Amino acid sequence: MTKIVFFDIDGTLVNKRNTIPDSTKRAVKKLKENGVIPVIATGRAPLLIDDIREELAIDSYIAMNGQLVMHKGNVLFHNPIQTETVDRLTDKAVNQKNGIILCGAKDIYSNSIVSLAKRSSVWSILKGLGKIVPGHLQLSLFKKLIRKPPNPKQYEGKSIYQVILETSMEEETAYKDAFPELHFARSNHYTVDIISAGISKATGIEVFLKELGISQSETYGFGDSPNDLEMLEYVQTGVAMDNGWDSVKEVADYVTASVDEDGIEKGLRHFNLI
């Protein structure tokens, strides 16, 4: 039976410096040599994962927490958020003075400064400053950069699949109450990914398995954050990174080492996948 492994990106395939450990590169290469299919399952927009996919030679992915599923360049599933909902969410963010970024299938929409940071994650503009700017000042700068919302003309007529909101976990409750039609998936303490209700990385995995005719019993998932919970619970074997959230470790079948301590390679070896 064909086996398939789904990998989160941030905190799983890449570390805080946004780099892929050499051990992870070796492991993914060996995984493919063994006939196991690697698939990326991330909260990132497609534009922000190209460099990771190219470096690891992975041709299929689940993006924006399940809102878009791609297999070798073909769209298997896509589920944009209703325009009226996006407009209301943007208005509320402006009123609450929360930063906001909109993610499309081929672009991200924010103010002009953040839009320059498209080559990597939305944190890339900060990571480039990481060696010279202290962490607390980086966060302050990021909040200022995304405080101004994107110009509606930028994304007029284009589908928005995910909204990234800069808000605390406490403030998030008010948004959940105001938008029951949306699902809030957090991957860090500073921002929350917002997608359609009923959608998660598990949704994308289900679509993927049906398309390829692979049994759920042959699935593995690696993740570290709350937006990985549904994925780790859905796959046959869920693996949490040691650097991950406690809530993620609690639902996982196995906890591997941290991303910087060869966690991917050790986890795959533990299950005899490499």
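Of the chain's 274 residues, 53% count as buried, where buried means under 20% relative accessible area, exposed over 50%, and partly exposed in between (1.4 Å probe, protein chains only). This is a predicted model, so local features need pLDDT of at least 70 and side-chain atom pairs count only at pLDDT 80 or more, while totals for chains, interfaces and linings use all residues. Residues are numbered from 1 along each chain as its sequence is written, and side-chain values use heavy atoms, with hydrogens and water left out.

**The chain overall**

- The secondary structure comes to 12 helices and 13 strands; helices (H or I, at least four residues) and strands (E, at least two) are DSSP runs, numbered from the N terminus.
- Among contacts with a separation of 6 or more, 61% are between residues 24 or more positions apart; contact means heavy atoms within 4.5 Å.
- The accessible surface is about 12,400 Å², and carbon and sulfur atoms account for 49% of that. Those areas come from the Shrake-Rupley method with a 1.4 Å probe, and for residues only the protein chains shown count as cover.

**Helix α1**

- The 12 residues of α1 should span 16 Å at 1.5 Å a residue, and the end C-alpha atoms are 17 Å apart, which agrees. The expected span is 1.5 Å times one less than the number of residues.
- S23, T24, A27, V28 and L31 are the buried residues of α1. They cover an arc of only 130° around the axis, which puts them on the same side of α1; the arc is that of the directions from the helix axis to the C-beta atoms.
- An α-helix has 3.6 residues a turn, so residues three or four places apart point the same way.
- Over on the other side of α1, D22, K29 and E33 are exposed.
- The cover on the buried residues of α1 includes β1 (4-7), β2, α2 and α12 (263-270).
- K30 sits in α1 (residues 22-33) and is partly exposed, at 38% relative accessible area.
- After α1 comes G35, with a positive phi near 85°.

**Helix α3**

- α3 has 14 residues and reaches 20 Å from its first C-alpha to its last, close to the 20 Å expected at 1.5 Å a residue.
- Its buried residues are T85, V86, L89, T90 and A93. These cover an arc of only 135° around the axis, which puts them on the same side of α3.
- What covers the buried residues of α3 includes β6, α7 (152-155), β8 (162-166), α8 (169-178), β9 (182-186) and β10 (191-196).

**The β7-β6-β8-β10-β9 sheet**

- Five strands make an open sheet in the order β7-β6-β8-β10-β9, with antiparallel pairing. Two strands pair if DSSP finds at least two bridges between them.
- The edges are β7 (108-109) and β9, each of which pairs on one side only.
- β6 and β8 pair in the antiparallel sense over four bridges; L102 has V163 of β8 as its bridge partner.
- β9 is an edge strand, yet four of its five residues are buried.

- Most residues other than glycine have a negative phi, and most peptide bonds are trans.
- A57 has a positive phi near 55°. This residue lies in the loop between α2 (50-56) and β3 (60-63), and counts as partly exposed at 48% relative accessibility.
- K97 has a positive phi near 60° and comes just after α3. Its loop runs between α3 (83-96) and β6 (100-103), and K97 is exposed, with a relative accessible area of 61%.

**A buried arginine**

- R44 is in the loop between β2 (37-41) and α2, and is buried at 5% relative accessible area.
- The R44 side chain makes a polar contact with the side chain of D10 (2.7 Å). A polar contact is a pair of N or O atoms within 3.5 Å; within protein, one must be able to donate a hydrogen and the other to accept it, and residues adjacent in sequence count only if both atoms are side-chain atoms.
- A polar atom of the R44 side chain also lies 2.8 Å from the backbone oxygen of L48.
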